[in-house]
Amino acid sequence: MKILVEIAEAAMRFEELIELAQRHDEILICREGQPTATLTSIATRNGTMDEFLRLASEGRANVPSDATSNHDDLYDEHGCLNECR
């Protein structure tokens with residue numbers, strides 16, 4: 001079922017809306033009647049966070065200790081990533 005709810009009402013009924021989202025109802029949060037956000041449940045997957053962290057730490061074992069992650073090329077302060085260069 002599709003449920004539209006204004007922000008103030010969503011704040012008051014948040015726990016109820018989470019339960020509805022877990023039932024796979026579509027929750028649209030509106031501002032002045034216009035949908036601005038959606039509330040959805042996170043799909044349950046096999047495995048646990050501990051398993052994920054274990055796998056992540058094993059992956060880091062292969063990375064050189066002096067390696068860094070430089071993402072400057074992804075930062076686009078002016079909205080013109082390729083045109084401003």
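In the hairpin of strand 2 and strand 3, two residues lie between the strands, and Glu 32 takes a positive phi near 55 degrees. The model is predicted.

**Strands 2 and 3**
- Strand 2 and strand 3 run antiparallel and are joined by five bridges.
- Ile 27 has Leu 39, in strand 3, as its bridge partner.

**Helix 2**
- Helix 2 spans residues 14-22, and its buried residues are Leu 17, Leu 20 and Ala 21.
- These residues cover an arc of only 100 degrees around the axis, so they lie on the same side of helix 2.
- Glu 15, Glu 19 and Gln 22 are exposed, and they sit on the face of helix 2 turned away from its buried side.
- Just after helix 2, His 24 has a positive phi of about 75 degrees.

- Met 49, Phe 52 and Leu 53 make a nonpolar surface patch of about 340 Å².
- Phe 52, one of the patch residues, belongs to helix 3, which spans residues 49-60.
- The relative accessible area of Phe 52 is 52%, and Phe 52 therefore counts as exposed, since the cut-off for that class is over 50%.

Terms used: Residues are numbered from 1 along each chain as its sequence is written. This is a predicted model: local features need pLDDT of at least 70, side-chain atom pairs count only at pLDDT 80 or more; totals for chains, interfaces and linings use all residues. Side-chain values use heavy atoms; hydrogens and water are left out. Buried means under 20% relative accessible area, exposed over 50%, partly exposed in between (1.4 Å probe, protein chains only). Helices (H or I, at least four residues) and strands (E, at least two) are DSSP runs, numbered from the N terminus. The arc is that of the directions from the helix axis to the C-beta atoms. Two strands pair if DSSP finds at least two bridges between them. Patches are made of residues with over 30% relative accessible area and no salt bridge: like charges are joined within 9 Å, nonpolar side chains (Val, Leu, Ile, Met, Phe, Trp, Tyr) within 5 Å. Accessible areas come from the Shrake-Rupley method with a 1.4 Å probe; for residues, only the protein chains shown count as cover. A salt bridge is a side-chain nitrogen of Lys or Arg within 4 Å of a carboxyl oxygen of Asp or Glu.
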